[in-house]
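Hello,

Here is the structure I promised to pass on. Please open it first, then read my notes below.

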Amino acid sequence: MAEIKLYDLAGADPDLRFSPYCWRVKMAIAHKGLPCETIPWRFLDKPRISHSGGETVPVIEDGKEIVRDSWAILDYLDEAYPEKSLLFPSQSDRLYGAFVKDWFDNTVHPAVAPVCMPDVFSVIDQNDRDYFRKSRESRFGMTLEALADARETFLGPMEKSFAPLRAMLERNEYLGGDSIHVADYIAFGTFQWIRGTSKHSLFESSDPIASWCERMLNLFDGLGRTIPQRAS
């Protein structure tokens with residue numbers, strides 16, 4: 001079996017991989033038990049993935065197949081390797097996963113981003129900083145320093161965006177209930193983004209989200225622990 005190659009967003013430290021979308025893919029590949037090589041990629045490395053037809057990661061190369069976008073990659077993995085543990089055993093599983101993806105992409109990420117952006121800036125490669133500053137300050141309409149100064153005002157909306165997840169995890173071990181679901185990988189990617197970049201701890205150890213994160217970090221021989229928690 002050929003090894004899948006995954007272009008994986010990295011910080012100044014090539015071992016710091018913090019893209020929530022890349023983490024979705026890494027967990028999905030591990031779920032299926034497929035060999036994978038991750039290739040560190042940075043924001044100005046766009047020419048390296050031009051063959052994918054896009055400018056953002058994740059991108060995978062699987063032999064002659066090139067697939068970009070995390071959701072498209074999850075679909076591809078089940079189509080290409082149906083004999084391996086399925087990410088979407090049924091149409092209802094796929095619909096639930098899509099719902100969680102849209103919730104995180106459209107509600108959670110916009111709430112997390114202003115909290116995390118200054119911390120992300122501090123861990124990315126020096127060559128990426130001008131691009132990152134210009135693009136993110138244009139997006140938020142303020143400097144990264146102003147975002148950092150206003151952090152407390154963004155915490156409430158971020159916490160509110162987590163409320164449905166917390167309610168689910170108060171009653172269940174995983175978003176799949178007693179067993180893991182692709183929805184867990186989608187949500188977990190976001191917390192790897194926070195965990196790998198933020199200097200601030202978001203949860204008390206008694207928080208059901210914190211307990212769930214620990215369970216997720218233990219999966220696949222501790223795959224998620226390959227990036228250290230930055231918060232002290």
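**Notes on the model**

K101 sits in helix α3; helices (H or I, at least four residues) and strands (E, at least two) are DSSP runs, numbered from the N terminus. This is a predicted model: local features need pLDDT of at least 70, side-chain atom pairs count only at pLDDT 80 or more, and totals for chains, interfaces and linings use all residues. Residues are numbered from 1 along each chain as its sequence is written, and side-chain values use heavy atoms, with hydrogens and water left out.

**K101**

K101 counts as buried because its relative accessibility is 16%. The cut-offs are under 20% relative accessible area for buried, over 50% for exposed, and partly exposed in between (1.4 Å probe, protein chains only). The side chains of K101 and D102 are joined by a polar contact of 3.0 Å. A polar contact is a pair of N or O atoms within 3.5 Å; within protein, one must be able to donate a hydrogen and the other to accept it, and residues adjacent in sequence count only if both atoms are side-chain atoms. Not counting residues up to four places away in sequence, K101 touches R24, W71 and I186. Contact here means heavy atoms within 4.5 Å.

**Start of α8**

D207 lies in the loop between α7 and α8. Is D207 buried or exposed? D207 is buried, as its relative accessible area is 11%. Its side chain makes a polar contact of 2.8 Å with the side chain of R166. A side-chain oxygen of D207 also comes to within 2.8 Å of the backbone nitrogen of I209, at the start of α8.

**Packing of α8**

Helix α8 covers residues 208–222, and its buried residues include I209, W212, R215 and M216. Which helices do the buried residues of α8 pack against? They pack against α1 (20–31), α6 (151–171) and α7 (182–197).

Take α7. Its axis and that of α8 are 11 Å apart, and the helices pack at an angle of about 100°. That makes α7 roughly perpendicular to α8. Axes are lines fitted to C-alpha atoms, for helices over the stretch in contact, and angles run from 0 to 180 degrees between N-to-C directions. Angles under 35 degrees count as roughly parallel, over 145 as roughly antiparallel, 65 to 115 as roughly perpendicular and the rest as oblique. The contact of α7 with α8 has 11 nonpolar, 1 polar and 2 charged residues. Ala, Val, Leu, Ile, Met, Phe, Trp, Tyr, Cys and Pro count as nonpolar, Asp, Glu, Lys and Arg as charged, and the others, Gly among them, as polar.

Now α6. The axes of α6 and α8 come within 8 Å and cross at roughly 75°. α6 is therefore roughly perpendicular to α8. From α6, F162, L165, R166, L169 and E170 meet P208, I209 and W212 of α8. That contact has 6 nonpolar, no polar and 2 charged residues. E170 is exposed, with a relative accessible area of 58%.

**The core**

The largest nonpolar core has 71 residues, and L77, F162, L165, F191, I209 and W212 touch the most other members. Such a core is a set of buried Ala, Val, Leu, Ile, Met, Phe, Trp, Tyr and Cys residues joined through side-chain atoms within 4.5 Å. Helix α3 (residues 91–123) supplies the largest share of this core, 14 residues. Leaving aside neighbours within four places in sequence, I209 contacts F162, L165, R166, L169, F191 and F203.

Best wishes
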